[in-house]
Structures are given as structure tokens and as C-alpha cells.
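Work through the exercises below on charged side-chain pairs. Each task is followed by a solution in steps.

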Amino acid sequence: MTITLNRIDVFPIKSLDGLSLEEAVVLPSGALEFDRRWRLVDMEHRVVNAKRTAAIHPIRARYDLDARTVELSHEINASVDCFSDRPVRSPSTEVFSLEPGSRGPCGWLSEALGIDVLLEERSDGGFPDDLDSPGPTLISTATLIEVARWFSFSLAEARRRFRTNLEVGGCEAFWEDSLASPASDISTASLTNGQFSIGSDQESWVHFQATGICRRCIVVSRDSRSGFHSEHFRDVFESRRRSTLQQIPEGASWPHLFRLAVNTRKIDSPYPSHGTTFRLGDQISKKISNELFF
């Protein structure tokens, strides 16, 4: 069974739309270049994201990363709840430089969200949810298709809800669960357990450690474009998810099964030429042989 990289998505402004790429550069931190590079905060420096407000969902973002610009528009008819008493407006479509200040998108986003926001940038690794595992998240296309079937929505909607960086094909649904480390403390895990590589040949492998199955939040239970919340989404998800897990990984402390896709961290190679870029169509290997490292 040949497992290949089918899709690469980055999410330049955290909580806004993603961008599909043909190839990805892996930063020294293990994060993908441009993934969650920017984020929104309020005037008290508290993060403004989709977990905090469903008003983010109707905002559409299209990026030109070469020009460092973003085109923003607003779906006027979307019905969302807002976390501000200030009226939420539907500003016109505009293109902005991806930078803080008056030339950037802060004013437009403040109007759309009903609260004053600032844009922050971190170029050396972005703003990952899991600081201990800043590598790309990974899932199989088959898994997304199966989850979409549970709720009768499209594959595109499943992608928008779960916002995974890497999508792989050539495997069955929930294949990625087999990568998850069986230890709750990654420092005690076997050095080869849960490791995998992405690349077209030995000279291009990028090596990763799967560190666990991603915990999910309320965002995935909302329509990705309107923000409408499905009341029983989590209950249905956990009920179905239980049957897909052969067993909870040994040593893991899981209070719930609201989990999908795997978190990762990059494994450094002793060869400087190894592992800086991967591309669509590259192979996924679950085994990292000694000859790759020594």
C-alpha cells in the first residue's frame, strides 16, 4: 500500500480561511511556512479566534503570499452570534497588506467582528495551538470522507471544519490513528514509535513524530461559513468515533473522544540537505530506517 501526500493546506491568519499549496517549506521549528503566521488579538491582547466568537465564520480570506496580501470579504446573510455589543457590519471586499497598522486588515476586521482587533505576526513558527507539537497536523482523505458521511455534509465542508495541514491518500479511514504515540508523555516514548517521513526519495525525507490525536473544540460543530452550531454534533461524533478506535492509546489520559487527526513535531536529521520541503504526491513512510539517520 503506497500512501501519498494528497493535499497541503496552510492557514496564514489563524481562524480564517486556509490556502492550498503544491509544496510546503518546513521551518526549523517544524511548522509549515506561513501556517498560522498571523493572529488577531483585542486591545487587552487576548486572542480573538473562532473559539471565542462565531462572527469569524462568515469572513472569507484569499491570500497572495508572494505579494503578502489578503483579500477579505463578508457573507452578509450569515447568521452568527457575536461577542460584542457593537453592531457587526458587512464591509466591502478589499485587499490589504499582511501587516499591522493602518495599511493592514485590522480596521476591516474590527468592523466585521464588532470589536477592535490588532494583527500580530510571528515568522519563525507562527502561533500553533500545541506549543509542544508545532508540526503540521495530518489526516487521511478517507477519514474526512467518513466523518462527512456521519453528518451528511461535503468533503469540502469537512476540510473547512477540521482545518488540517496535511491530507494523505492510499489508505483507509482513520489510518492516521496508528501513528499516534502510545505514551502520554512523549519524552518516555520509544524513539521509533509513531515516527513517519514525507518525501520523494531518501535525499528529501522530512521526518516527524506523531505526538497524539488532536483534541477538538466547539469550532468543528459549527457550519464553517455561517457559524451555525449543531447542538448534538459532539455527542454524535464521540459515539461514532468510539467504534473507529480499536483502543485508547496506552498511557494516554483521555477524558473524551472528541479527537481527530494527529499532532506532530519535526525530528531533526543529522544531514543538512535532508528535509526542508515536501510536495504533493510525495510518499508517506511509517518507518524511519537507521540508514536514513546514520
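A salt bridge is a side-chain nitrogen of Lys or Arg within 4 Å of a carboxyl oxygen of Asp or Glu. The model is predicted: local features need pLDDT of at least 70, side-chain atom pairs count only at pLDDT 80 or more, and totals for chains, interfaces and linings use all residues. Residues are numbered from 1 along each chain as its sequence is written, and side-chain values use heavy atoms, with hydrogens and water left out.

**Exercise 1.** State how many salt bridges the structure holds.

Solution. The count is 20 salt bridges.

**Exercise 2.** Describe the pair Glu120 and Arg39 and where its members lie.

Solution. Step one: a salt bridge joins the two side chains at 2.9 Å, N to O. Step two: Glu120 belongs to strand S9 (residues 117-121) and Arg39 to strand S4 (residues 38-42), so the pair links distant parts of the chain, 81 residues apart. Strands (E, at least two residues) are DSSP runs, numbered from the N terminus. Step three: Glu120 is buried at 19% relative accessibility, and Arg39 is buried at 17%. Buried means under 20% relative accessible area, exposed over 50%, and partly exposed in between (1.4 Å probe, protein chains only).

Key
Helices (H or I, at least four residues) and strands (E, at least two) are DSSP runs, numbered from the N terminus.
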